[in-house]
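Here are some notes for a colleague who is opening this structure for the first time. They are set out as numbered points, to be read with the model in view.

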Amino acid sequence: MWFFLDTANLDEIRTAHSWGILDGVTTNPTLVAKEGREHRAQIEEICSIVQGPVSVETTTADAEGMIREGIEFATWAPNVVVKVPITPDGLRGLRGLRERGIPVNVTLVFSLPQALLAAKAGATFVSPFVGRLDDAGNDGMQVVRDICAAFRTYRFETKVLAASLRHPIHVVEGARAGADVATMPFKVMEQLFKHPLTDVGLERFLADARRLQAELQARRARV
Ligand code: E4P
């Protein structure tokens, strides 16, 4: 399972990269706007840190605009993946980008039929939004399970990218469903480390190591 960060923040990306587990990054216009820098400069810097796929979202509603933007994004770095929404224009945009060899992540997916459309059109990634479905009173993870099962049945090559994850259980359930990728905020990635027994166990190991050191020092001082 690949782990992506869902952020445009460079400090977060550098930190996760230093852990050796960061496979890629997803951004969207909201996340980029939070950083307050020019879009291209921000994405180029992200792509210089992360070797894996970095999703960059188009900001037009028509296919021609998406193709135009996507072609430009792809010149920013070799690992850029262009994000388009699951709309008729989005799929036309996907086709135009694919014809030029540019990988596409189909975003704002909330149902299996939408995911099937994206896969049939040749998306590299499809992004079901789990947390937003949960917020609307639906079972977001069930949509991920359904997509994974259907893609397995029909052997689609499109990767399932579980998005809009809000807590570690979403990551666990995504792994159980067989999602290819989990993209998560930095806070959720940090939470994956946490277990109270790790904290207690580490505290005890360190205390025992310190006690032994002190005993050995005292013994040496006596002889
Ligand atoms: C995915 O690519 C999106 O950027 C993201 O996961 C949306 O998450 P949110 O619902 O927390 O905004």
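1. Rings of Phe, Tyr and Trp (its six-membered ring) are taken as a pair if their centres lie within 6.5 Å, with planes under 30 degrees apart counted as stacked, over 60 as edge-to-face and the rest as tilted. By that rule the structure holds eight aromatic pairs, and Trp2, Phe4 and Phe125 form one aromatic cluster.

2. Before going further, please keep in mind that this is a predicted model, in which local features need pLDDT of at least 70 and side-chain atom pairs count only at pLDDT 80 or more, while totals for chains, interfaces and linings use all residues. Residues are numbered from 1 along each chain as its sequence is written, and side-chain values use heavy atoms, with hydrogens and water left out.

3. Phe4 belongs to strand 1 (residues 2-6) and Phe125 to strand 6 (residues 125-128), so the pair ties together parts that are 121 residues apart in sequence; here helices (H or I, at least four residues) and strands (E, at least two) are DSSP runs, numbered from the N terminus. Phe4 is buried, at 0% relative accessible area, and Phe125 is also buried, at 3%, where buried means under 20% relative accessible area, exposed over 50% and partly exposed in between (1.4 Å probe, protein chains only).

4. The rings of Trp19 and Phe186 are stacked, because their centres are 5.6 Å apart and their planes lie at 20°. This pair links distant parts of the chain, since Trp19 is in the loop between helix 1 (10-18) and strand 2 (24-26) and Phe186 is in helix 10 (residues 186-191), 167 residues apart. Trp19 is partly exposed, with a relative accessible area of 31%, whereas Phe186 is buried, at 13%.

5. Which residues are around the ligand? With a heavy atom within 4 Å as the cut-off, they are Asp6, Thr26, Asn28, Lys83, Phe129, Arg132, Ala163, Ser164 and Arg166. An oxygen atom of the ligand is 2.7 Å from a side-chain N or O atom of Asn28, a polar side-chain atom of Ser164 lies 2.7 Å from a ligand oxygen atom, and for the side chain of Arg166 the corresponding distance is 3.1 Å.

6. Helix 8 (residues 140-154) has 15 residues, which should span 21 Å at 1.5 Å a residue, and its end C-alpha atoms are 22 Å apart, which agrees; the expected span is 1.5 Å times one less than the number of residues. Its buried residues include Val143, Ile147, Cys148 and Phe151, and what covers the buried residues includes strand 5 (104-109), helix 6 (112-120) and helix 9 (168-177). Just after helix 8, Arg155 takes a positive phi of about 55°.

7. Gly178, in the loop between helix 9 and strand 8 (181-184), is partly exposed, with a relative accessible area of 35%. Leaving aside its neighbours within four places in sequence, Gly178 is in contact (heavy atoms within 4.5 Å) with Cys148 and Arg152.

Technical notes: A polar contact is a pair of N or O atoms within 3.5 Å; within protein, one must be able to donate a hydrogen and the other to accept it, and residues adjacent in sequence count only if both atoms are side-chain atoms.
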